[in-house]
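I opened my notebook to look up side-chain contacts. My entries follow the structure.

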Amino acid sequence: MTKKSFTCRKPVIAAAILAAGLTLGGGAAHAQLKSYDSSKPSFWQNPPPDWFLGDETEAQKGQAPPVGPATPTPLAELNENLKRIKLPPGFKIEVYASGIPEARQMAWGDDGTLFVGSFGATNVYAVTDKGGKREVKTILKGLNMPTGVAFRNGALYVIAIDKLLRYDGAESKLDEMPKPVVVYDDMPSYVAHGWKYIVTDKEGAMYLPFGPPFNIGIPPTSVSQIRRVHPNGQAEIIALGVRNSVGGDIDPRTGQYWFTENARDWISDDLPSDKLNHVTRLGQHFGYPYCHQGDMPDPKFAMGHKCDEFTPPVLNLGAHVAPLGMKFYTGNQFPAEYQNNILIAEHGSWNRHTYQGARIMRVTVDADGKNAKQEVFAEGWLTGKQEYSGRPNDILVAKDGAILVADDWAGAIYRISYSR
């Protein structure tokens with residue numbers, strides 16, 4: 001499907017767009033549906049305020065995402081914090097680079113430059129090695145949540161909410177970046193669940209998530225999905241029924257797309273579970289908003305749907321652990337049993353009275369999605385009931401087989417290595 005066909009379909013789609021809220025009347029629950037026309041850009045710039053309501057239970061009211069430190073954690077403090085990180089025997093963690101405000105997705109350039117996106121800092125960074133000393137340079141400023149970055153054929157790709165941008169020859173122009181080329185912009189401009197990571201397959205196509213701009217509701221058919229965007233701007237929908245995915249990877253064994261998904265908030269501390277999903281055919285529906293964690297109909301929005309109508313998760317990861325960036329381990333430094341394992345960066349809770357997550361999980365799973373198991377690989381960034389020293393959010397395999405971990409809370413990149 002081309003970019004043009006997406007645009008042309010919007011008026012048709014709008015006729016079927018629903019945002020649903022359930023009310024109680026006469027002792028019986030019934031659905032009160034609202035119809036919105038989202039075919040115009042003005043709608044996405046100013047969505048109805050009720051789209052952002054929480055639908056929280058009484059017990060969950062009053063919770064809000066924690067506000068991170070105003071500045072990156074100083075290097076000396078980072079080194080002290082890393083002393084508390086628990087790893088399997090033989091593994092070591094150290095600071096790779098610091099002073100990177102709100103560091104998010106990472107990508108390697110062809111010549112070893114590490115490109116790093118950011119969340120609210122509006123920046124993209126480049127980390128280079130200068131005679132054994134790493135230097136952090138802000139190469140782009142003023143972008144709209146440029147969380148996602150990728151690098152291919154000499155070009156840096158940056159996703160900034162509603163625009164996929166390409167910077168040609170970026171690695172040789174770090175001091176004065178070239179003007180961007182807009183590769184794809186058929187995307188809503190809202191911020192809520194609009195930030196994205198980029199996953200690139202061997203053909204150069206980029207997988208982009210489109211989260212709905214609310215916690216729970218019946219989304220327009222142009223969101224709650226994952227699209228595959230080709231370098232020429234053509235796009236196709238590959239998955240539906242996705243709430244908020246900020247991380248994925250291509251399985252080196254099959255070429256198929258896997259992704260993490262953050263489940264809805266404000267039901268309880270322990271429900272529903274966040275998920276690891278696997279796309280095996282185009283157009284699979286992963287349940288949102290009707291069903292969560294593969295077996296839990298939504299208390300308001302199931303609307304008669306059964307969970308067996310939808311593609312179940314490969315693995316339930318736990319409630320409110322916030323799984324973000326993930327990578328299949330393809331290096332040769334870690335022990336052989338780590339080959340093709342999935343390493344997931346859990347950002348950690350906010351919608352829970354006692355936080356959990358803020359760690360790296362290791363998932364072993366067959367290529368067909370069977371026999372999935374998870375265990376903790378690295379933990380220690382959660383320091384109290386609701387206190388963090390760091391929040392991992394992305395993982396990248398280095399050429400030497402070590403892994404890098406981005407931490408937007410501390411504004412740092414860590415390196416985890418193994419020696420026998």
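Which residue lies over the face of Phe 210? I looked, and Arg 227 does, at 3.9 Å from the ring centre. I keep in mind that this is a predicted model.

**Charge over a ring, again**

I found another case at Tyr 338. Arg 362 lies over the face of that ring, 3.8 Å from the ring centre.

**Aromatic pairs**

I looked up the ring pairs next. The structure holds 19 aromatic pairs. I took Phe 259 and Phe 286 as one example: their ring centres are 5.2 Å apart and their planes stand at 80°, so I noted the pair as edge-to-face. This pair links distant parts of the chain, 27 residues apart. Phe 259 is in strand 17 (residues 257-261). Phe 286 is in the loop between strand 19 (284-285) and strand 20 (291-292). I checked burial too, and both Phe 259 and Phe 286 are buried.

Then I turned to Tyr 329 and Phe 334. Their rings are stacked, with 4.3 Å centre to centre and 10° between the planes. Tyr 329 has a relative accessible area of 1%, so I wrote it down as buried. Phe 334 is buried as well, at 3% relative accessibility.

**Nonpolar cores**

What size is the largest nonpolar core? I read off 28 residues. Among those with the most contacts inside it are Phe 334, Phe 377, Trp 381 and Ile 416. I listed the elements that each supply at least two residues, including helix 3 (75-82), strand 3 (91-98) and strand 26 (373-379). Strand 31 gives the most, with four residues.

Leaving out residues up to four places away in sequence, Phe 334 touches Phe 91, Tyr 329, Leu 343 and Phe 377, among others. Ile 403, Ile 416 and Tyr 418 are also among its contacts.

I noted a second, separate core of 18 residues. Phe 43, Ala 155, Leu 164 and Tyr 190 are included in this second core.

**Disulfide**

How many disulfides are there? I counted one. Cys 291 and Cys 307 form it, with their sulfur atoms 2.1 Å apart. The link is right-handed, with 105° about the S-S bond. Cys 291 is in strand 20, and Cys 307 is in the loop between strand 21 (296-297) and strand 22 (315-319). The two cysteines are 16 residues apart. Both are buried.

**Salt bridges**

I counted 18 salt bridges. I looked up Arg 243 and Asp 265, whose side chains meet at 3.4 Å, N to O. Arg 243 and Asp 265 lie in separate loops, so the pair ties together parts that are 22 residues apart in sequence. Arg 243 is buried, with 3% relative accessible area. Asp 265 is also buried, at 11%.

Lys 275 forms a salt bridge with Glu 261, and the closest N and O atoms are 3.2 Å apart. Lys 275 is in strand 18 and Glu 261 in strand 17, 14 residues apart. Lys 275 counts as buried at 4%, and Glu 261 is buried at 3%.

Is Lys 163 buried or partly exposed? I found it partly exposed, with a relative accessible area of 35%. Its side chain meets that of Asp 162 in a salt bridge of 3.8 Å, N to O. Asp 162 counts as buried, at 16%.

My last entry is a network of salt bridges, which links Glu 94, Asp 400 and Arg 415.

Technical notes:
Residues numbered from 1 in each chain as written. Predicted model: local features only at pLDDT ≥ 70, side-chain atom pairs only at ≥ 80, totals over all residues. Heavy atoms only, no water. Phe/Tyr/Trp six-rings, centres within 6.5 Å; stacked < 30°, edge-to-face > 60°. Buried < 20%, exposed > 50% of the residue type's maximum accessible area, 1.4 Å probe, protein only. Lys NZ or Arg CZ within 6 Å of the ring centre and 35° of its normal. Disulfide = S-S within 2.5 Å. Core = buried A, V, L, I, M, F, W, Y, C linked by side-chain atoms within 4.5 Å. Contact = heavy atoms within 4.5 Å. Salt bridge = Lys/Arg side-chain N within 4 Å of Asp/Glu carboxyl O.
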